[in-house]
Amino acid sequence: MASRRNQRGITAVEFAIVGLVFFTVLLGVIDISRLFWHLASLDEATRRGARVAAVCTIDDPYIAQTALFGGLIPGLEAQDILIEYLDIDGTVVDPTTPVGYGSIRHVRVSIPNFQLQTFVPGLQALITMPAFETTIPSESLGRVGTADVPC
């Protein structure tokens, strides 16, 4: 009976050690899942933005709002989304000039510097995501003939 008294509380110590490891791994798996969800969401945000930019008028605020998914991606703001218009060679053109507008052949939407905060206690870090971009051929750019058509 004396040996049982000496081992009282050993179960609590074992649970504390195993529980710490288990919950750290569990939170790590959840955090990695969050990372992959953000990767897919940011990729889809650029695709949606490029698709809308190809048919909307240049510098329409609706383009960035569409790419934001209505706030579904925490921390993503309209100023994080870069919209560029490219000529046939892939060079960025200034669409506000008449000559520049006529040379637009592609639209590129990118999210260059998005950062994600991890939440595993003791292992918190700020992860800079890779740059996401989607380039597609321009379509109407919001114009029918010479008239601008709002999105």
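Ser41 is buried, with a relative accessible area of 9%, where buried means under 20% relative accessible area, exposed over 50% and partly exposed in between (1.4 Å probe, protein chains only). The place of Ser41 is in helix H2; helices (H or I, at least four residues) and strands (E, at least two) are DSSP runs, numbered from the N terminus. The model is predicted, so local features need pLDDT of at least 70 and side-chain atom pairs count only at pLDDT 80 or more, while totals for chains, interfaces and linings use all residues. Residues are numbered from 1 along each chain as its sequence is written, and side-chain values use heavy atoms, with hydrogens and water left out.

**Overall form**

- The protein has four helices and seven strands.
- Their order along the sequence is α-α-α-β-α-β-β-β-β-β-β.
- The protein is more spread out than a compact globule, because its radius of gyration is 25 Å, well over the 15 Å that the globule rule gives for 151 residues. The radius is taken over C-alpha atoms, and the rule is 2.2 Å times the number of residues to the power 0.38.
- The C-alpha trace spans about 95 × 25 × 20 Å along the principal axes of the protein.
- Of the 151 residues, 33% are buried.
- The accessible surface comes to about 9,700 Å², and carbon and sulfur atoms hold 62% of this area. Accessible areas come from the Shrake-Rupley method with a 1.4 Å probe; for residues, only the protein chains shown count as cover.
- Among contacts with a separation of 6 or more, 62% are between residues 24 or more positions apart. Contact means heavy atoms within 4.5 Å.

**Nonpolar core**

- The largest nonpolar core has 27 residues, and those with the most contacts inside it are Leu42, Leu76, Tyr85, Ile104, Ile111 and Phe114. Such a core is a set of buried Ala, Val, Leu, Ile, Met, Phe, Trp, Tyr and Cys residues joined through side-chain atoms within 4.5 Å.
- At least two residues of this core come from each of helix H2 (10-53), helix H3 (61-67), strand S2 (106-111) and strand S5 (132-137).
- H2 gives the most to this core, with five residues.
- In soluble globular proteins, nonpolar side chains tend to be buried together.

- Leu42 is found in helix H2 and is buried, with a relative accessible area of 0%.
- Leaving aside neighbours within four places in sequence, Leu42 is in contact with Ile73, Leu76, Ile111, Phe114, Met129 and Phe132.
- Leu42 and Ile111 are 69 residues apart in sequence, and their C-alpha atoms are 7.6 Å apart in space.
- Leu76 touches Leu42, Ala67, Leu68, Ile111 and Phe114, not counting residues up to four places away in sequence.
- With residues up to four places away in sequence not counted, Ser41 touches Phe69 and Ile73.

**Strand pairing around S2**

- Five of the six residues of S2 are buried, and the strand is mostly covered.
- S1 and S2 run antiparallel and are joined by five bridges; two strands pair if DSSP finds at least two bridges between them.
- Tyr85 has Val107 in S2 as its bridge partner.
- S2 also pairs with S5 in the antiparallel sense, over six bridges.
- Arg108 has Thr135 in S5 as its bridge partner.

- Most residues other than glycine have a negative phi, and most peptide bonds are trans.
- Asp59 is not a glycine, yet has a positive phi of about 65°.
- Asp59 is found in the loop between H2 and H3 and is exposed, with a relative accessible area of 58%.
- Phe69 is not a glycine either, and has a positive phi of about 60°.
- Phe69 is found in the loop between H3 and strand S1 (82-86), and counts as partly exposed at 22% relative accessibility.

**Aromatic pair**

- A search of the whole structure finds one aromatic pair.
- Phe22 and Phe23 form this pair, which is edge-to-face, at 5.1 Å centre to centre with 70° between the planes. Rings of Phe, Tyr and Trp (its six-membered ring) pair if their centres lie within 6.5 Å; planes under 30 degrees apart count as stacked, over 60 as edge-to-face and the rest as tilted.
- Phe22 is partly exposed, with a relative accessible area of 48%.
- Phe23 is partly exposed, with a relative accessible area of 45%.
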